[in-house]
Amino acid sequence: MTVRQETIERLDRIPNVAISPGALLSHHTRFGIGGPAGLYVEAGSEEGFREALRVARESDINYAVIGDGTNLIVSDKGFPGIVLRLTTREITRDGNLVRAEAGAELQTLVNYAIDAGLRGLETMTGIPGSVGAAVYGNAGAYGHSIDERVRQVRFFDGSAVRAIGAAECEFRYRESIFKQHKDWIIFSVAVHLEPAPPEELRKSAAGIMKIRLEKYPPTMKCAGSIFKNLIFAELPESVQSQVPERVIREGKAPSAYFLEQVGAKGMRNGGIRVADYHANLIYNAGDGTARELRLLISELKRRVKAKFGLELEEEVQYVG
Ligand SMILES: Cc1cc2nc3c(=O)[nH]c(=O)nc-3n(C[C@H](O)[C@H](O)[C@H](O)COP(=O)(O)OP(=O)(O)OC[C@H]3O[C@@H](n4cnc5c(N)ncnc54)[C@H](O)[C@@H]3O)c2cc1C
């Protein structure tokens, strides 16, 4: 499926929209992997994004929405349709309520809250990616996730902009209603925070950042954890009894534990490797491909299934 010239021209005429035919998606993913997009489109306003989406729909071509590409595996063949990205980045504050547009970096929001002396996001320091995707995947770390702070999410449901509260977002561990409705596009989020001394927040964020930078060096081409952890209480008893208590955190059995038992650490397939210090961290050592990455992921899932009868679920999202 190719994007017709007429569609390209229509998109090119939309204010605040920049188009790039054939853009390599490897330049838009942290893995550094992914072939060309039929058309790569960045919208710097919500109106521009809505209009671009309308044109994409009318031209009957597949589209995909991406954020900063830090949790994506894009096919080596790329994505023949339209890849859309919303780049609105404004962050504003009304007392303890902070509103961020979807394209803002999560780290910018975290820093904004810390500087404003507002507690509640500092444990998310160092999680790469955009605010929109953080809501989509209910991002979190160190025992907290964004859902705890969400007051309202504004999104485009394909025909109108709607706003829903946290309960309606159906947040769970790395899940939200937006994962069930992939055509709902998050435009902004309002988070409710609590006053706290900025110095205290800064100190706690700096401690977290130090640990994270050791685990994920900034140049590492990866997506953080490949697989979701498992809710311990939901595991079959036969598996529960094999998991040492010391590895259970916040009621979750880390996927890394099971992966380690099947010899994942240090495994490689072409240019793709599993970190030798963390079994749930896969990275592109230089010239890896999506094919190699997918094969390695399948092999890891097969091994865990064979040994424990468990189906690991990817946290990463696939495009193409
Ligand atoms: C080094 C490293 C460490 C990480 N550590 C963590 C961690 O500790 N905790 C954690 O939770 N995650 C972690 N991640 C994963 C990643 O940071 C998150 O998943 C992040 O939220 C992805 O943001 P993104 O903008 O890059 O989204 P992308 O990877 O571009 O997209 C992810 C998904 O979000 C959807 N999406 C993007 N924008 C929107 C929108 N506006 N509306 C609707 N859907 C949208 C896309 O369609 C896609 O399915 C880590 C990743 C890396 C590389």
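Predicted model: local features only at pLDDT ≥ 70, side-chain atom pairs only at ≥ 80, totals over all residues.
Strand 13 covers residues 185-192. Strand 11 spans residues 150-156 and also pairs with strand 12, again antiparallel, over 5 bridges. Two residue pairs mark this second pairing. Gln152 stands opposite Gly165 in strand 12. Val153 has Ile164 of strand 12 as its bridge partner. Strand 11 and strand 12 form a hairpin with 4 residues between the strands. Within this hairpin, Gly158 takes a positive phi near 105°.

These pairings belong to an open sheet of 5 strands, ordered 6-7-13-11-12. The pairing is antiparallel. Strand 6 (91-94) and strand 12 (161-165) stand at the edges. Each has a single partner strand, so one side of each is left without a neighbour in the sheet. From one strand to the next, the twist averages 20°. In general, strands of a sheet pair through backbone hydrogen bonds, either parallel or antiparallel.

Two helices contact this sheet. Helix 2 lies across strand 7 (97-101), strand 11, strand 12 and strand 13. The helix 2 direction runs at about 150° to strand 13. Helix 3 (residues 106-115) packs on the sheet as well, touching strand 6 and strand 7. The direction of helix 3 makes about 30° with that of strand 6.

Helix 2 (residues 46-58) also packs with helix 1 (residues 5-12). The angle between them is about 165°, and their axes are 10 Å apart. Angles over 145 degrees count as roughly antiparallel; helix 1 and helix 2 are therefore roughly antiparallel to each other. Helix 1 passes helix 2 in a right-handed crossing. From helix 1, Thr7, Arg10 and Leu11 take part in the contact. They meet Ala52, Arg54, Val55 and Glu58 of helix 2. By class, this contact has 3 nonpolar, 1 polar and 3 charged residues.

At the level of the whole protein chain, the secondary structure comes to 9 helices and 21 strands. The C-alpha trace spans about 60 × 50 × 35 Å along its principal axes. A compact globule with 320 residues would have a radius of gyration near 20 Å. The protein chain has 20 Å, which agrees.

Key: Residues numbered from 1 in each chain as written. Heavy atoms only, no water. Axes fitted to C-alpha atoms, helices over the stretch in contact; angles between N-to-C directions. Parallel < 35°, antiparallel > 145°, perpendicular 65-115°, else oblique. Left-handed = near helix turned anticlockwise from the far one by under 90°. Contact = heavy atoms within 4.5 Å. Nonpolar A, V, L, I, M, F, W, Y, C, P; charged D, E, K, R; others polar. Pairing = 2+ DSSP bridges. Rg over C-alpha atoms; globule rule 2.2 N^0.38 Å.
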